[in-house]
Amino acid sequence: MAWTTTQDPETFEAAAGAFLRSRPVRHTVLLSVVSSLRSPGADAYGARAPELGWWRPGEAAPVGAAFVWTPPRTALLSPMPDEAAEALVEMLVTERSGIPGVKAGHAVAEAVSGAWQRHHGGTVTCVQRLRLHRLDRLIEPSPAPAGTARRATTADRELLLAWSTAFATEIGGTPRDGARAVDERIAGGRWLLWESGGRPVSMACHTAPLAGAARIAPVYTPPELRGRGYAGAVTAAVSRSVRARGTREVLLFTDLANPTSNALYRRLGYRPVEDQLVLEFGRE
């Protein structure tokens with residue numbers, strides 16, 4: 001029972017791609033990150049090479065777990081049995097990887113937390129609690145706000161870049177190569193803007209469909225324009241667009257510390273799938 005690691009996304013895809021695609025809802029973030037590492041390239045999330053790994057319960061057994069780490073961010077972990085979590089932490093500690101933390105489903109996060117303290121000591125702090133949702137039946141906002149949705153074009157590039165940066169700053173995230181990510185999404189027709197009074201007031205985007213699933217992210221309305229229903233309207237529009245393309249599963253994450261967004265997406269027809277924790281490792 002051992003982990004195999006690589007810095008090559010193609011090698012990882014050959015070994016673990018089928019495993020990730022077998023559960024596209026639970027593996028949504030790993031699938032989209034690996035896709036970005038394969039195209040446009042392994043530097044999609046920064047100059048330092050990614051670390052990718054897969055675990056088998058036996059030498060001839062199929063892959064049963066995976067992780068993706070794009071420094072300096074936390075590592076993304078698939079669902080996995082406790083023995084895989086234990087072996088992963090032991091490997092990371094032995095290799096002195098410098099990993100800052102992990103993002104995983106609640107049970108896996110708890111297993112990793114315990115293993116980390118046994119093997120490494122120090123502290124493990126939960127810095128964020130997230131909830132993964134999937135769209136059941138889309139419920140249109142009522143009453144709908146004034147305005148209409150339209151697909152973003154290259155003329156919107158600077159606005160999208162500014163709003164994407166503001167969104168990343170607001171949630172405390174580490175943005176990807178902003179300009180490249182924005183350009184990719186414009187070219188793929190995946191950005192939607194809500195316009196009211198002749199100007200954009202909110203935006204939403206979705207990831208490229210992979211294994212029959214796509215994720216809504218990000219959704220952003222400038223602070224001075226919030227509370228008017230724009231975020232709900234543009235989210236409904238982009239959700240409808242994803243379904244119209246034939247994608248079976250439409251997903252999104254919410255921060256459980258934000259009751260407004262959680263209530264909004266419930267009203268639109270999104271239903272909980274699982275809770276995830278973001279853990280930060282402290283050093284002794």
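Let's start at Arg180, which is partly exposed because its relative accessibility is 24%; here buried means under 20% relative accessible area, exposed over 50%, and partly exposed in between (1.4 Å probe, protein chains only). Arg180 sits in helix H6, residues 178-187, where helices (H or I, at least four residues) and strands (E, at least two) are DSSP runs numbered from the N terminus. Its C-alpha atom is 33 Å from that of Met80, a residue 100 places away along the chain.

A word on what you are looking at. This is a predicted model, in which local features need pLDDT of at least 70 and side-chain atom pairs count only at pLDDT 80 or more, while totals for chains, interfaces and linings use all residues. Residues are numbered from 1 along each chain as its sequence is written, and side-chain values use heavy atoms, with hydrogens and water left out.

Now turn to the interior. Helix H2 (residues 28-38) is largely enclosed by the rest of the structure, because 9 of its 11 residues are buried. Among them are Val29, Leu30, Leu31, Val33, Val34 and Leu37, along with Ser32 and Ser36. Ser113, in helix H4 (residues 106-119), is buried too, with a relative accessible area of 15%. Setting aside neighbours within four places in sequence, Ser113 is in contact (heavy atoms within 4.5 Å) with Val124 and Leu279.

Next come the charged pairs. Side chains of opposite charge can pair when their charged atoms come close. The structure holds 13 salt bridges, each being a side-chain nitrogen of Lys or Arg within 4 Å of a carboxyl oxygen of Asp or Glu. One of them joins Arg26 and Glu274, at 3.3 Å from N to O. Arg26 lies in the loop between helix H1 (9-21) and H2, and Glu274 in strand S12, so the pair ties together parts that are 248 residues apart in sequence.

Asp275 is partly exposed at 27% relative accessibility, and so is Arg131, at 23%.

Arg240 and Glu140 also meet in a salt bridge, at 2.6 Å from N to O. Arg240 belongs to helix H7 (residues 230-244) and Glu140 to the loop between S6 and S7, 100 residues apart. Elsewhere, Glu10, Glu13, Arg21 and Arg38 are linked in a network of salt bridges.

Finally, some backbone details. Most residues other than glycine have a negative phi, and most peptide bonds are trans. Against that background, the bond joining Pro71 and Pro72 is cis, with omega about 10 degrees; Pro72 is in the loop between strand S3 (65-69) and strand S4 (75-77). The bond from Ser142 to Pro143 is cis as well, with omega near 0 degrees, and Pro143 is in the loop between strand S6 (124-135) and strand S7 (148-151). Ala211 has a positive phi, near 55 degrees, and is found in the loop between strand S9 (199-206) and strand S10 (213-220).
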